[in-house]
Amino acid sequence: ATLNIRALGAIGSGDESEVLQYAVSNYKNIDLSVLSINANGIDTAEDVSIKNGRLNLNLSNNYLLKVLTGFNVEFVDFYGSGNSTEELGEILVSCGDVGGSVSPTQENIRIANCRFYDSNGYHILMSYVDRVFVDNNEFYNARYAANLFVSASNVDITNNLIDGLTGIAGNGNAYGVSFTKDSLVTLANGAVSNHCKAIGNTIKNVPTWNALDTHGGTDIVFADNTIENCGFPIGIVGLELPLDSDRGVERVVVSGNTITSNNTSLGIGIAGEVAGNNIDVTVANNVLVNCGDPDNSISGAIYISETKTCSVTGNVVRNAGPHGIIWNSNCLGGSCVGNTIIDPFSNSTATNSGIVLRAGNNNVIVSGNTLIRENAGLATYVLQRGLYFVSATDRAIIGSNYNEAVLPIVGFQNATGLAGLVDVNDSTGGTANDTLQTIVGSGVDAGINNNFADCAKKLNEILAIL
């Protein structure tokens, strides 16, 4: 049976915390009967469902609901105390504990078709949860986070609208969706977030920081989201010092997202503390417009650092600043294939480029990319360098790329600086040891011919047996 909260004397006026607390402690199904209930500090029992009404937090820097296993809420509007000041204790829907405490796992929680407004802290903050579904909600005007999940498993954030996060003081951090870990709990005691997804959401107006984020997550998917006017749209980073400096992300997929930013920071950034500690990251088939700060020489639309087997494929990048794709440092076994980069620009970085291997110890295949200089008047420097190889410790295999840059390739003919580069299409020189060339008799052409001869001999022997 469903309780109509009016039966407990609720009238939608004054502080009705006691009425709501009694309801969620003694009844499983509660209909708010379209009332607007003012309350704070409400702790639900297990398997409670709430629907049809409005809940207002009437005590700032506090939580409105703290929920347990089996919680379900639909068609409820949640209001915070206004987002007029920073109060990170303010949470509209809370579950579990953070700050060094590992709380018992709560599971099977669903929040659907609700609207969240005006929190000085968080709309949703949950930790140590499993199987949480946040579907078809709207989130407006929070200070720090719309959806922040700590040491969570199997969380699906789908088809939501998130609009407006103002960011905290100092660093401006703010998150539309974040899958992270309690920084005060060691890996031995608190698991990383895993098997979590954010799919099909629209996230906009987070001007200071991330629309989507994971810190050290495993098996994370960010797919088919639309992101607009966010300072740093997608962050994929390792865990923070001091407890977990050697733990990066593992098996993260960023695909099919459409990102239109404001040229203030990276579009998609992958970073960590230790070489190769971000493992198996895929960045594929995203569209990025106006990403990267054109006045920052190490900024760009897609930034990769400290990775192992990272794949960047099939992305379309337009008006990045000043670089399209940056492989910064310690990217091992990477592939940069089939991307289209149009008009990376800067008024200050004369070495702006389509794709750059920048700070050393990168090992990347670069092939099948299309680099287009469409609007030369966009800025002082537009696609000055197509493929740009900077460090003496970088290694790359260059395949066939379409390249309209002023200087299509810079760095690969410096035999002492980039002896490990192999260009399978070059016909302009190089040395026998570091360039496969198409000029007959040059490079390692003789060795290749000898291999062909050996293959032909073996083939004839096989044919004779047949």
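This is a predicted model: local features need pLDDT of at least 70, side-chain atom pairs count only at pLDDT 80 or more; totals for chains, interfaces and linings use all residues.
Q: Is Ile 397 buried, partly exposed or exposed?
A: Ile 397 is found in strand S43, which spans residues 395–398. Buried means under 20% relative accessible area and exposed means over 50%, with partly exposed in between. Because Ile 397 has a relative accessibility of 43%, this residue counts as partly exposed.

Q: Which strand supplies the largest share of the lining of the largest pocket?
A: The largest pocket holds about 580 Å³ of space and is lined by 29 residues, with Tyr 122, Leu 148, Val 150, Thr 180 and Lys 181 lying nearest its centre. At least two lining residues come from each of the strands S6 (63–66), S8 (91–95), S11 (122–127), S14 (145–150), S17 (175–180) and S20 (210–215). The largest share, four residues, comes from S11.

Q: How many residues of the lining of the largest pocket are charged?
A: The lining of the largest pocket includes 13 nonpolar residues and nine polar ones. The charged residues of this lining number seven.

Q: Is Pro 233 buried or exposed?
A: Pro 233 has its place in the loop between strand S22 (226–230) and strand S23 (234–237). The C-alpha atoms of Pro 233 and Ala 211 are separated by 4.8 Å, although these residues are 22 residues apart along the chain. Because the relative accessibility of Pro 233 is 0%, this residue counts as buried.

Terms used
Residues are numbered from 1 along each chain as its sequence is written. Side-chain values use heavy atoms; hydrogens and water are left out. Buried means under 20% relative accessible area, exposed over 50%, partly exposed in between (1.4 Å probe, protein chains only). On a 1 Å grid over the protein atoms alone, a cavity is a set of points where a 1.4 Å probe fits but cannot get out, and a pocket is an open set with protein on both sides within 12 Å along at least five of seven lines; lining residues have an atom within 4 Å of a point. Grid points are joined across faces, edges and corners, and a volume is the space filled by probe spheres set on the points. Ala, Val, Leu, Ile, Met, Phe, Trp, Tyr, Cys and Pro count as nonpolar, Asp, Glu, Lys and Arg as charged, and the others, Gly among them, as polar.
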